[in-house]
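Biologist: Please take a close look at the second chain of this model. Then show how it relates to the rest.

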Amino acid sequence: MKKFNYLLMLFTAATFALTSCGEDEVPDNGVTIEGIPATATIEAGGTLGPVTATATALDGLVSLVITKDGAPLATVPLSGTTASAPFSYPAEPGDAGKNVVFEFTVTDTDGDVAKATHVLTVGAEATTIRITSNLTTSQTWETGKTYILAGRIAVEPGNTLTIEPGVVVKGEVGTGANASALIIPRGAKIEAVGTATQPIIFTTVADELEPGQIASPNLDPELNGLWGGLIVLGRAKGSFLGNTSETQIEGIPASDPNGLFGGDNDADDSGTLKYISIRHGGANIGEGNEINGLTLGSVGSETEVEFVEVIGNQDDGIEWFGGTVDVKNAVVWNAGDDAIDADMAWNGTLDNFIVVNAGDKCFELDGPEGSYVNGNYTMTNGSVAADDAAGLVDNDANTNVDLSNIYFFGIKAGQTFDQTPTVPAAFSNFQVTLPAGTAITDFFLGTSAEATTAVAAGANTVGADKAPFAGWSWTAVSGALDDFK
Amino acid sequence: MKRTILFLAVFILLTTGFAQAQNGIIRGTIFEEASGEPLYGVSVLVKELSTGAVTDFDGKFELQVAPGTYTIQVSYLSYTTINITSLAVAAGEVKVLDDLLMKEEASELETVTVQAAAIRTTESALMSVKRNAPNVMDGISASTFRQIGDGDAASAVKRVTGVSIEGGKYVYVRGLGDRYTKTVLNGVDVPGLDPDRNALQMDIFPTNVIDNILVSKSFTADLPADFTGGVVDIETKDFPEEKSAKLSISGGFNPSMHFNDQYLSYEGGKTDWLGFDDGTRAIPTGGRTDIPQFAQVVGNPNSPLGQEFQSTLRAFNKTLGGIRNSSLMDFGLGFSLGNQLARPKVTWGYNVAFTYRNETEYYKDAEFNLFAKPADVGVLDLEPLEEQKGDYGVNNVLLGGLAGIAMKTETSKYKLNFLHLQNGESKAGDFMFMNTNLGAVFEARQYNLEYSERALSSVLLSGTHFLNGRDWEINWKLAPTISKMDDPDIRFTRFRIPNNIIGTEVGLPTRIWRTLDEMNLVGKLDLNRQANILGRNGKIKFGGNYVYKERDFNIQSFQFTPGNITFTGDPNSVLNEENLFDEENRNGLRHNPDFIPNNPNAYQSNLTNIGAYSSAELNPSEKLKAVVGVRMEKYTQFYTGTNANASIVLDNEKVLDDLDFFPSLNLIYALKENQNLRLSATRTIARPSFKELSYAEILDPITGRSFIGGLFPESTDGGTTVLWDGNLIATRINNFDLRWELFQERGQMFSLSAFYKTFNSPIEMVQFLSDPGSFQPRNVGNGTVLGVEVELRKSLGIVSPKLENFSWTFNATLTESQIKMSATELRSRQLTAREGQTIEDTREMAGQAPYIINTGISYNNFTTGWEAGLFYNVQGPTLNLVGFGNRTDTFTVPFNSLNFNLNKSFGADERIQANFGVENILNDKRQIVYRSFEAQDQFFTNLSPGTEIKFGFTYAF
């Protein structure tokens, strides 16, 4: 929690001694206070002043007492006949949206009193906060508020960004080098834990969505490329071009060390992502240089990623670049490029996932890029409605993957499971609902046909369970999962 | 077309205005043979008339004579007298006796007699400059341009020993890359026209505005210190000796490129034929950076902002693909006019030249590929990642004009020169693209349209003054130059095959506007004092110069997001109205500006270089000449620009502030009268460019490559190992030259040279270990270059007297370079070494050619007017790009260039000249290849320029 301190700076500016005129009776000269304005207005969290109170009492000043809403705030001892006291007040969280009344009381040696009243109007607390530079301290983004990413924002290593349930994060407009994105580099953490009733939503500033809403009030779920995406980078191993131990993530210039990922700690912990919905992102940087909805670069196995939704991303939905992180309960809807993409010898499991309509391939599954490889990655319990995708599964000769329990439907001619890798790869328990008059081998090439059985629409016995997506995901709320089990 | 006619009309008016004559004029220049310096006070007598003249401080004289045939006697105390016989002068004619060399007389009253017809402007004057120059220098003059038939400075200068040309534009001297070669115009700095280079593009200088090109290969204190290989000085035409008005036309026909109905071009502007765009390619936003963006208007397309967005979207030129139609052949037009008008006490000269060239190239099946080392280190052969093969057409237009006036009095000379060059190049390409990179396997059809406009305007005001006879010579120059490079509307479109999909994987349609404006201001003062030092004639030189340069660079690029639009595959229908975003079509095609709010692809820079020098030319013994000097340069460079997310902002910040002293020693020992032995030891510098010394992060949206400014550091191993510290400094170079030279009569010569250079912290483009697609200038380990040069010009008369008119020229440069690799490069090479491969920590320098050979046989017959030459040029395999990560080194494959040229002069006074030539007789290809340990070479680029037949006619009025 951010600690609020208030500052009160008071000092005596000028004093001069009163010389007595013998034993004559001293007349009562009274006391005045000047310089305090009657009213002022500041923003929530803003600071009043400094304003300068000037007190005068020929009989000699004693003190200035300041109260806030009747409660004592400060007492300043005074002396001499004239004194000035500068006063400033930083608004406390509780002041937001209120009028605060300050009373200034000056007393002189013979008990005369002068008062000044100041009414400070503190604006309502901002519910939209614009983040313009990297986070250099740990922060919490609070429930009920909207945070705007004004560009490429990284949480500097050593810090943790906590995002409370229901927070909406919106990326500002920008493509190329100006694409807005949230980056969790190596050594930084994100604790973004939403709930099944209050997911954390990442979207574009064009989206009029407010905290508490699930469906966008104004944007079509196919609109993409309106901002960047969420990039999480870690220190787990990966198989990189040129056999380097670390490499730069696409979308971030090589000169920014916050874009480096990879290392030798497979149990690395980048934090927690739960009940996250990422929408309308994927701004293009250059050819082969794009931002995915959720990028996981060398993210380690201690990181928890569960209940994730990516909608309308111009590039891939979820892409792993090496690492060991597992992802459970993921849905990708209307990816502009591939829905599910794995590279650089990722070594984790994707369990219970749904793909609805991809732009290119439903699965783009690559192998290692360097010589490092440590077993296969696993994708299991998935349901795929291919719709307008260019293909079902795109394997390479060196794709180190095990795929099982996947149900494909909504497919059409030209969409294929393209090849069997020449490296060990296991395919089992695929089911498919075929268009009329077609055969399994029209779509499933290589050994994948042997793993596939045809079923009637909705008669699948393998595939994802859509229950975990109910309520919080826009895909489910919109009805796009009605055809899924 | 109307404009051309008007143009011609102006020419004719200009030429007819100067027809006036009754007497003839004889003009000439007299030099001292030993020093190559003009002789002052030489008596020139017309024997038959007993009239005469005396040469001025430039060694020049002028005589007015009635038409007739005369004998001229040139005499000077203690010099051998020259008699020139049978000099026929017609009414109104100017006879020029150029380059008369007088020898100090060996015996009493010796006289040399020559037939006037045997005197010609040849290389001999330049040879005499070369022979007597304090430093190692070479050059080529206007007379040779004609003989070889070269049309621009770039093709002409490569005839000079040790000079090679890269990409038809950039000069390399002694194989050292463009970073180490400096190009100046009339001795002063001019702005470059390419933001990625230090050197000037040479191909924009037509030879008809050039008097000669001098290449200084060793440093003397009066030269700028920022060169290593050489400084190339393009001298534009000066005081004409005689009235000349010439009109020339030329043409070129290449069977593989011209009248080819498959030629590719695209619809441009109405003034493309003049070398500039008429606004057709103007940016639809007017360059504004406050334009609305898609995400701001998608929710409300008909708001004022939304309407503005929509009208911008509709204002982009809709042509994205080229047209196949028949190509024209190359043609050119040149006109020059000049005269000298002698008035009492003052001589005036003027010079005007115009040139126009229109050249067309077409490359069929051009290849641009990306190959890499496979991940498995046991596999040696390279694997393709991207293959791009297809056709492209280029139309290049050059328009140039030069105007100069000069004035000479008894003791002073003033010159004022204006030069403007305008060049426009339009390109259209149609390629098949095959991607196999990183598992994304697809085929695509790619369309490229580009236009590049370059303009250079230069003013030169200079003066020369002689005081106290020739004791003091004072030279000053003032030269402002403005240059502009524009690439308006580079268009790129790629469709995935077979469904014509446009997406992020295949690349989004992109439009780019790039501008570079540069201004140079140079002021220069040189003082020369003849002095008696150590009891012999010597010279003291001192002076200074001031250079101010300012550059403004900006790229604005747009990407087009396809939304949910499906395409037909016709590039010209991508921007059809029905595809574009509007109220009804909210997920339609739209544009995204990449430069808002931050534009890391923009910078302003300026530099100031204040130089001062002094040097002395001494003659410690009769045979030894020593030139000793020191130069000081105070160099400051300022930069304004940001990195990609504007977290680092430099606002006119000083990025370089160097004060250096550059000592130079040049010794010339005359072994014999016609033999010199030269030795020189000098210090020079190579400084980082504007862009290099910055925090720029410049992404090329088409290649996907990024340029990263040199001030960013790189580390690895989680930040524990620093690969580059971000402290980019200038390179200091020590140069040592040794040369033996032999000069023989009629311009024959033979020389042998050796040179050795050491580079302290040379700058190279290094890729990031973590991202091979990002390039950064870094100081790498120290380097050395060792080289030998041979140069030979020989008349074949020695073989047989019948071959007297034939001469053979040969020059060759052989070099061995070595550089210590940067830590990043060494590590990257070690990590990707193939099985059985050993990795050294040194390699050759990038851009350094291992050998350059020029040779040719020429034929000259002055009496019949025939000139011919057969010339061969080749440059050894040169490291082009340094390999990194899985990328390998690329090497240029030697291009065996064999050209033939034939000239014939006709008619009375040889008023008509015709020439004919054949270029690239061997039909060689321009190729760059990927090369890796025990792997088959693979093409990086592969272009067939074909063989071109050239012809031209010149008519002198």
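Modeller: Of the 957 residues in chain B, 49% count as buried. A residue is called buried when 20 or more other C-beta atoms lie within 10 Å of its own, exposed when there are 12 or fewer, and partly exposed in between, with C-beta atoms placed from the backbone. This is a predicted model, in which local features need a pLDDT of at least 70 and side-chain atom pairs count only at pLDDT 80 or more, while totals for chains, interfaces and linings use all residues. Residues are numbered from 1 along each chain as its sequence is written, while chains are lettered from A and ligands numbered from 1 in the order in which they are written.

The pLDDT is the predictor's confidence in each residue, from 0 to 100. Chain B has a mean pLDDT of 86, with 91% of its residues at 70 or more. Residues 1-21 of chain B have a pLDDT below 50, and this stretch makes nine contacts in the model beyond near neighbours in sequence. Two residues are in contact if their C-beta atoms, placed from the backbone, lie within 7 Å.

Chain B contains seven helices and 51 strands. Helices (H or I, at least four residues) and strands (E, at least two) are DSSP runs, numbered from the N terminus. The radius of gyration of chain B is 30 Å, close to the 30 Å that the globule rule gives for 957 residues, so chain B is as compact as a globular protein of that length. That radius is taken over C-alpha atoms, and the rule is 2.2 Å times the number of residues to the power 0.38. Along the principal axes, the C-alpha trace of chain B spans about 95 × 65 × 55 Å. Of the contacts in chain B between residues at least 6 apart in sequence, 69% join residues at least 24 apart.

One helix of chain B can be followed in detail. Helix α7(B) covers residues 823-831, and its buried residues are A823(B), T824(B), E825(B), S828(B), R829(B) and L831(B). These buried residues pack against three strands of chain B, namely β34 (714-716), β35 (721-724) and β38 (763-768).

Next comes the partner chain. Chain A has two helices and 35 strands. With a radius of gyration of 32 Å, well over the 23 Å that the globule rule gives for 485 residues, chain A is more spread out than a compact globule. The C-alpha atoms of chain A fill a box of roughly 120 × 45 × 30 Å along the principal axes. Chain A is divided into domain 1 (32-122) and domain 2 (128-478), with bounds from an automatic or database domain assignment. The centres of these two domains of chain A, taken over C-alpha atoms, are separated by 57 Å.

The two chains meet where 55 residues of chain A are in contact with 55 residues of chain B. On the chain A side, β19 (247-248), β22 (284-286) and β23 (289-290) each supply at least two residues. The most comes from β22(A), with three residues. By class, this side of chain A has 13 nonpolar, 26 polar and 16 charged residues. Here Ala, Val, Leu, Ile, Met, Phe, Trp, Tyr, Cys and Pro count as nonpolar, Asp, Glu, Lys and Arg as charged, and the others, Gly among them, as polar. For the model, ipTM is 0.80 and pTM is 0.84.
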